[in-house]
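The stops below proceed one selection at a time.

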Amino acid sequence: MTQPVLKIRNLSKRFPVGGGRVVHAVNCVDLSIMPGETLGMVGESGSGKSTLGRVILRLLEPSEGSIEFDGQDITQLPKGQIRRLRRDMQMVFQDPWSALNPRMRIRDLIAEPIKLHVDLSRSERDDRTEDLARRVNLGSTYLNRYPANLSGGQLQRACIARAIATDPKLIVLDEPTSSLDLSVRAGILELLAEIREETKAAMLFISHDLGTVRMISDRIAVLYLGEVVEQGQTEALFETPAHPYTQALLSAHLPADPAFKVSRLVLEGEVPSPIALPTGCKFHTRCPVAIARCAREVPQAIQVPSGQQASCLRIPNGGNIIQRKEDV
Amino acid sequence: MTLLKVEDLHTHFISRDLDNQICIAKALNGVSFSLEAGRVLGIVGETGAGKSLTAQSIVGLLRPPAKIVAGSVRFEGRELTDMPDAELNRIRGNNIAMVVQNPRTSLDPLTRVGDQLVRLHQIHSGGPKTASHKRALEMMEAVGLPDPESRAKSWPHELSGGMAQRVLLAMALMNSPKLLIADEPTTGLDVTVQAQILDLLRSLVARFDMATLIITHDLGVVAHFCNDIAVMFGGSIVETGSVRDVFAAPAHPYTRNLIAATPERFQMGRAKALGGQPPDLYNLPSGCVLQSRCAYATELCQTTVRNAEVAEGHFALCHYAGRLEEQPAVKINA
């Protein structure tokens, strides 16, 4: 059996915010990603998506739990060794404008990870840089320019070139397309899909755009208040969402097609503060099918018939399905 | 009578470069549309297409170097483009309300939200302050803010993004506007909050019979919340019509590409034809603005394009509108 490239167990991240209060950003998350697999992570802002992505790469220190990367426990690894590991785990950030040093040329930006991690002569490195630029469809004329002279889509291509420069085993993409225009976004997504085919790199694709996630992911994990409430194969999760939060989240998505009938479940209220988490099931304060037990008991993840894992107390008796109002 | 009629609007950015030469960015090039009471029009387009600039031109919020150089904006038959500021101020925030993209920066951070609503009502409607206060609470309730009494006393920084957007909506509704302009009202909000705000907006449009202009880059929002759509590119409206018609049979190549780029319709392998550089506003090509990015472009496209009616009420700014199928698509390098 193949080993997962990434396996995290019981991972939590808490930030102290003064006055003895603590933000519970990520709470007891279990996830694994197989080689070559793309895991989509969706959730609203404040659900801990980005924090989780950063903790996985040890850009933030986990408060609790373990991270196993490529069979090696990296939770306690000292900083110096983590640096060497970064060759195999790369990240693409949401905002390409601030992810690139404005005083470096695109050529040097793409060459930087190669310089740090791969032992190549200068001419080999130059060749590799140009190969990478060509791979991400960035014309060689752009290589001598500075980031300020490129458009957002071109900058994001440069960021992707940087991320694949060292042939990583895992790439964490934190909202790589959400700051881009629709037509540009399509090109970036296609590039990512091609790169995945070629390099067989595993990807963690963090996004709040459900349409995009559905397109690119093999599996999806839904986060709510720092917890994975449901995870499973993309199609199963989209077709028969089991957790009430997943149902509501998916129904709020608006496909760009007026012929598509949306039957929407509009949630009441807003996401509770991660400083004072609700007791029991974190979703019970907004859940339309919550019962008294939900406020007391923390639900465990259970397998549903369509194959995915969901954490809801009402699944065993079928009470987890929210009745829909037809769209008017 | 048409509530809002925009005709052949041209807005340019006129500045001087380092050699003191005048340079002109033609940001809006002949934008025309009209809007009736109770209708929702969605304007879509990519960054720099001129969506927000259209809204700002309508309400006269342009700052130099932006300037309306030609065209007219008529609201209830009155010309807005050459109206003195004092007179315009009686219409803005009163008959025409605007909700902008960034709710938090649009609220005065040093005034409690309730007082901001009261202030707006006092300026336009006058009357006793207690009446304005009552109205403020009613509007806050109408936009679904829980416990308006205590919310009115909160400061803008205490509100979440969704709540701040609701406060802005309440503020826009204070003087029962006839026209509501919402510039990216849900961008930056989560999908579940977006659903709440859009539902609210739709019920308010029906309840107060407002004409609404929604500016967005999200085709999903247009598909489900608007009656009509106007697609902008390079400072022109390239296609307009009812949402149903345009989505079912897009006539302009740009609209086709835009719809093809949505996750629902997107097919891998097509992206190269979709993207591309936005047109250089300082140096617009003669004829069609899309020609450098269009797979169907021919020599004819370098001549002036006129709006062609492909179906009733459905217009496209393309020489080949309605007969694109007969035209061989040429592979272009994006």
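Begin by selecting P65(B), which sits in the loop between helix 1 (51–59) and strand 4 (66–75) of chain B. Helices (H or I, at least four residues) and strands (E, at least two) are DSSP runs, numbered from the N terminus. Display the backbone here: the peptide bond that leads from P64(B) to P65(B) is cis, with omega near 10°.

Before moving on, please note that this is a predicted model, in which local features need pLDDT of at least 70 and side-chain atom pairs count only at pLDDT 80 or more, while totals for chains, interfaces and linings use all residues. Residues are numbered from 1 along each chain as its sequence is written, chains are lettered from A and ligands numbered from 1 in the order in which they are written, and side-chain values use heavy atoms, with hydrogens and water left out.

**Two residues with positive phi**

Select N10(A) in strand 1 (residues 6–18) of chain A. Phi of N10(A) is near 55°, a positive value in a residue other than glycine. With a relative accessibility of 34%, N10(A) is partly exposed; buried means under 20% relative accessible area, exposed over 50%, and partly exposed in between (1.4 Å probe, protein chains only).

Next, select S176(B), in the loop between helix 6 and strand 7 (179–183) of chain B. Although S176(B) is not a glycine, its phi is positive, at about 45°. S176(B) is partly exposed, its relative accessible area being 42%.

**A buried histidine**

Move to H314(B), in strand 12 (residues 314–317) of chain B. Is H314(B) buried or exposed? H314(B) is buried, with a relative accessible area of 3%. Leaving aside neighbours within four places in sequence, the residues in contact (heavy atoms within 4.5 Å) with H314(B) include T240(B), D245(B), V246(B) and A308(B).

**The nonpolar cores**

A nonpolar core is a set of buried Ala, Val, Leu, Ile, Met, Phe, Trp, Tyr and Cys residues joined through side-chain atoms within 4.5 Å. The largest such core has 75 residues, and those with the most contacts inside it are L117(B), V143(B), L169(B), L180(B), L219(B), I229(B) and F247(B). Helix 6 (residues 161–173) of chain B gives the most to this core, nine residues. A second, separate core has 60 residues, among them V92(A), A201(A), A248(A) and A252(A).

Now centre on F247(B). Neighbours within four places in sequence aside, F247(B) is in contact with A256(A), D257(A) and P258(A), and also with residues of chain B that include L219(B), I229(B) and R265(B).

**The interface**

Colour by chain. In total, 41 residues of chain B are in contact with 35 residues of chain A. The area buried between the two chains (the accessible area, 1.4 Å probe, that two parts lose on being put together, summed over both) is about 3200 Å², of which carbon and sulfur atoms give 57%. Helix 6, helix 7 (191–208), helix 8 (219–225) and helix 9 (243–248) of chain B each supply at least two residues of the side of chain B that touches chain A. The largest share of that side, nine residues, comes from helix 7 of chain B. The count of salt bridges between chain B and chain A is zero; a salt bridge is a side-chain nitrogen of Lys or Arg within 4 Å of a carboxyl oxygen of Asp or Glu.

**Salt bridges**

Select D88(A) and K169(A), whose side chains meet in a salt bridge (3.9 Å, N to O). D88(A) lies in the loop between helix 2 (79–85) and strand 6 (89–92) of chain A and K169(A) in the loop between helix 6 (152–164) and strand 7 (170–174) of chain A, so the pair ties together parts that are 81 residues apart in sequence. D88(A) is buried at 19% relative accessibility, whereas K169(A) is partly exposed at 35%.

For the last stop, select E46(B) and R293(B), which form a salt bridge with the closest N and O atoms 3.3 Å apart. This pair links distant parts of the chain, 247 residues apart. Both E46(B) and R293(B) are buried.
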